[in-house]
Amino acid sequence: MKIAFVGLGKMGANMTRRAIRGGHEVTVFDVRADAVAAMQQEGASGVSALDELPNVLDAPRVVWVMLPAGEVTDQTIQRLAEHLSPGDLIIDGGNSNYKDTQRRAEELRSRGFRFADVGTSGGVWGLSQGYSMMIGAEDDVMEMLRPVVQSLAPAPDKGWGRVGPPGSGHFVKMVHNGIEYGMMQAYAEGFDLLGAKREFNLDLNQIAEIWRHGSVVRSWLLDLTARALEENPQLDGIAPYVTDSGEGRWTVVEAIDLNVAIPVISIALQLRFRSRDETQFADKLLAAMRQQFGGHAVKRAE
């Protein structure tokens, strides 16, 4: 199968490598010429501009976009549509907001293009382990995608599937990431509590290793937690600052719109926000309130 990948960040590059290993003829484009050159060294063909893609792909053409959510994805898809032909397939494999995806799907459909959204999970481990892919597409588009998806997945029959029409793949990936927030927060809090019990002098890496086998809380996230604790038991040099890439926020907003209670995911998101608050004004105000109503002493800042 001939396919083009547009966007060669870490995941885009690794998906390209896995597709090449799966026997596909891959063409790549990125605004960074060195990224294209690196993939050419590994067996891909490269182009220096998006308008060159139609000349190197067989119709119906398949172009997989792996770019950050938002304007850059919008602009790239619009530019692709200017150069590709009706019947060609454009895939958004990034973490786009599903409402943007639905809009793009309708715009492309009205112009005769095929479209699919592929919520993709696997991170830096996807190259060796395969990617989990949640696909939003019509049935005929799914058949066009099947050969490359089977190569990118952990196994031809595992870790991927069409979950519904365009937009649904990114919706499912959004909820997946919200669940991830809650799981990560639970692990972080649990190990924090274990470490606080000084009298037992617990070895957190040992406990993580015990839990990895047979425990009901075992998971890939726990495997990665054990790895992190083995490499850096005290997490030296790591600031208590946790970012979010958007999906957790979208999950909470969607839950509000649908009147669905997701307190764990909501609190996990809020705690990420809290980790970035260097002034912690709210905590200072709590201390001041306690002093006002109860005369409780406050700890003075140094």
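Hi everyone. Before we start, one definition: the axis of a helix here is a line fitted to its C-alpha atoms over the stretch in contact, and the angle between two axes runs from 0 to 180 degrees between N-to-C directions. Two packed helices are described by that angle and by the distance between the axes. Please keep in mind that this is a predicted model.

Let's begin with helix α1, residues 10-21, and helix α7, residues 139-152. Their axes are 8 Å apart, and the packing angle is about 105 degrees. Angles of 65 to 115 degrees count as roughly perpendicular, and α1 and α7 are therefore roughly perpendicular to each other. Which residues meet there? From α1 we have Met-15, Arg-18 and Ala-19, and across from them in α7 are Val-148, Ser-151 and Leu-152. Sorted by class, this contact has 4 nonpolar residues, 1 polar and 1 charged.

Next, the aromatic rings. The count comes to 3 aromatic pairs. One of them joins Tyr-98 and Phe-171: the ring centres are 5.0 Å apart and the planes sit at 80 degrees, so this pair is edge-to-face. Where are these two in the chain? Tyr-98 belongs to helix α5, residues 98-110, while Phe-171 belongs to helix α8, residues 168-196. The two are 73 residues apart, so to speak a link between distant parts of the chain.

Last stop, the second largest pocket. About 300 Å³ of space lies inside this pocket. How many residues line the pocket? There are 10, and those nearest its centre are Lys-284, Ala-287, Lys-299, Arg-300 and Ala-301. By class, the lining has 5 charged, 4 nonpolar and 1 polar residues.

Technical notes
Residues are numbered from 1 along each chain as its sequence is written. This is a predicted model: local features need pLDDT of at least 70, side-chain atom pairs count only at pLDDT 80 or more; totals for chains, interfaces and linings use all residues. Side-chain values use heavy atoms; hydrogens and water are left out. Helices (H or I, at least four residues) and strands (E, at least two) are DSSP runs, numbered from the N terminus. Angles under 35 degrees count as roughly parallel, over 145 as roughly antiparallel, 65 to 115 as roughly perpendicular and the rest as oblique. Contact means heavy atoms within 4.5 Å. Ala, Val, Leu, Ile, Met, Phe, Trp, Tyr, Cys and Pro count as nonpolar, Asp, Glu, Lys and Arg as charged, and the others, Gly among them, as polar. On a 1 Å grid over the protein atoms alone, a cavity is a set of points where a 1.4 Å probe fits but cannot get out, and a pocket is an open set with protein on both sides within 12 Å along at least five of seven lines; lining residues have an atom within 4 Å of a point. Grid points are joined across faces, edges and corners, and a volume is the space filled by probe spheres set on the points. Rings of Phe, Tyr and Trp (its six-membered ring) pair if their centres lie within 6.5 Å; planes under 30 degrees apart count as stacked, over 60 as edge-to-face and the rest as tilted.
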